[in-house]
Protein chains: 4
Amino acid sequence: MQLIDVLELRVRYSETDQLGTFYNSRALEWFECGRTELMRKLGLPYTATEGKGVYLPLVESHVEYLGRARYDDLLIVASGWELFRRASMRFETNIRHASGGAPVVRGYTIHAFTDLTGKAIRPPAWLIEAMAKLPKSPSDNS
Amino acid sequence: MQLIDVLELRVRYSETDQLGTFYNSRALEWFECGRTELMRKLGLPYTATEGKGVYLPLVESHVEYLGRARYDDLLIVASGWELFRRASMRFETNIRHASGGAPVVRGYTIHAFTDLTGKAIRPPAWLIEAMAKLPKSPSDNS
Amino acid sequence: MQLIDVLELRVRYSETDQLGTFYNSRALEWFECGRTELMRKLGLPYTATEGKGVYLPLVESHVEYLGRARYDDLLIVASGWELFRRASMRFETNIRHASGGAPVVRGYTIHAFTDLTGKAIRPPAWLIEAMAKLPKSPSDNS
Amino acid sequence: MQLIDVLELRVRYSETDQLGTFYNSRALEWFECGRTELMRKLGLPYTATEGKGVYLPLVESHVEYLGRARYDDLLIVASGWELFRRASMRFETNIRHASGGAPVVRGYTIHAFTDLTGKAIRPPAWLIEAMAKLPKSPSDNS
């Protein structure tokens, strides 16, 4: 899957733990920041998606922890998405150090399409079309 | 204000930071746990309150940090409440170590009474009555 | 893998999100609570493990989201562990509703054995022995 | 106290709660982001401060909640600092909407000067000098 750089973020003090690196669950929060910025870049902000009555709750998440990141380190978040098994959506996210590029975490989240009550719905055509807009080249991420 | 012991909790690894003690914002999350258990003890669970269309959003919070608490330390949360300036509610919370009793944090939160949309409402009579039920003696907290 | 009930916890208000259920990353924080209580039950608290200079940083996490859980819902956390590919450790955790038993999340975390600096070490014999103590029957969890 | 704009941030989905606005403790995490960027702007990053063996643990925090902020809202964080009662430091932070400027939260945190073990130390001269560098005009914040 093609990923594009969507966001820079700094590790917050609140995100560290007593081992001195980021606490493991923060990776899922950063993945969410990546999804949000990816959708905005592709012209389909998630607020607008929810505004149209389409929700994307997680059904699965997977994270590989590849390296340390400390308080105030600047990280780059790269994300991509694709339709998955017809009725789901899969986001992939890689996070690396801005300085030097050493990997920090990578992983994916799988999402259902539901209405506000949590009932499964068909993936809307406009969302599938937006997914196809993901640029083919990683450098095409202005 | 009379406070009663309402909850024991252990410091989670996720709640520590790189200094090795709990991160400062966790105190407000523990205060919330104290409010929840206080209201349950007094027969008025907060879920029921929201169920009746009454919300208690924070308008102010104050925390004093009195001592360290480390991962896995067992803490005791003591809470109390009172009507404040007629149209608000004030919860007070003290947190101490279960072993030895050394103080960890103390503070208060002030809450408005609103409906779901955030519009201010009068404090309901049944809530004011429930507040008066707080036992006068700290040992009366079975 | 055999899992045993190790902990009850209530969903905190701070753990909900605007969809009204728990935010997805909280699952990893609850998994950590499960690991902590499992190790305590097996006589090897994680604080003691770190005290002996043995750290268990995550190398991988996986979560399946199976059902909703709302603020103040009481959940039961069941955990187990095993040696994994000789040099790693694998914890598995299932979380279900205390009332009715409906599943909420299940998943696993894989951990390296390291010293304080993050350097890989051999799994200590006393830790491998403790892992073997996990009861064979799920009801054997007093 | 003079405050300067130090940071823009977006409300994360993970920071919302079931009422649809940010959860109250997030304010303290955003205050920390403000302190971090203020110190960087004044040429004294907090990592460098800890690197010199000087720690600034919180002794008190105070937050006033002034307005709602929803998922993906863009906020502006303005921060300032001053020496407080000779042996402490006081940071003040205001957070408002980037669009329209409506206030969200304001408050302060009071910090001790300690060494790594938590023992109180005198405020270092280089830190007091850096504090005096805060520009007098709010527009002087390039």
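1. The model is a predicted one.

2. Glu92(C) stands opposite Tyr108(C) of strand 5.

3. Strand 5 (residues 103-112) of chain C is also joined to strand 2 (residues 58-65) of chain C, by 7 bridges, and these two run antiparallel. Here Leu58(C) has His111(C) as its bridge partner. As background, strands of a sheet pair through backbone hydrogen bonds, either parallel or antiparallel.

4. Where do these strands sit in the whole sheet? They belong to an open sheet of 10 strands with antiparallel pairing, in the order 1(A)-3(A)-4(A)-5(A)-2(A)-2(C)-5(C)-4(C)-3(C)-1(C). Strand 1 (4-10) of chain A and strand 1 (4-10) of chain C stand at the edges; each has a single partner strand, so one side of each is left without a neighbour in the sheet. On average, neighbouring strands of this sheet are turned by 20° against each other, direction ignored.

5. In chain A, strand 3 (residues 74-84) and strand 4 (residues 88-97) run antiparallel and are joined by 10 bridges. Gly80(A) stands opposite Glu92(A) of strand 4.

6. What lies across the strands of chain C? Helix 1 (residues 26-41) of chain C lies across strands 1, 2, 3 (74-84), 4 and 5 of that chain, running at about 130° to strand 1 of chain C.

Terms used:
Residues numbered from 1 in each chain as written. Chains lettered and ligands numbered in written order. Predicted model: local features only at pLDDT ≥ 70, side-chain atom pairs only at ≥ 80, totals over all residues. Pairing = 2+ DSSP bridges. Helix = DSSP H or I, 4+ residues; strand = E, 2+ residues; numbered from the N terminus. Axes fitted to C-alpha atoms, helices over the stretch in contact; angles between N-to-C directions. Contact = placed C-beta atoms within 7 Å.
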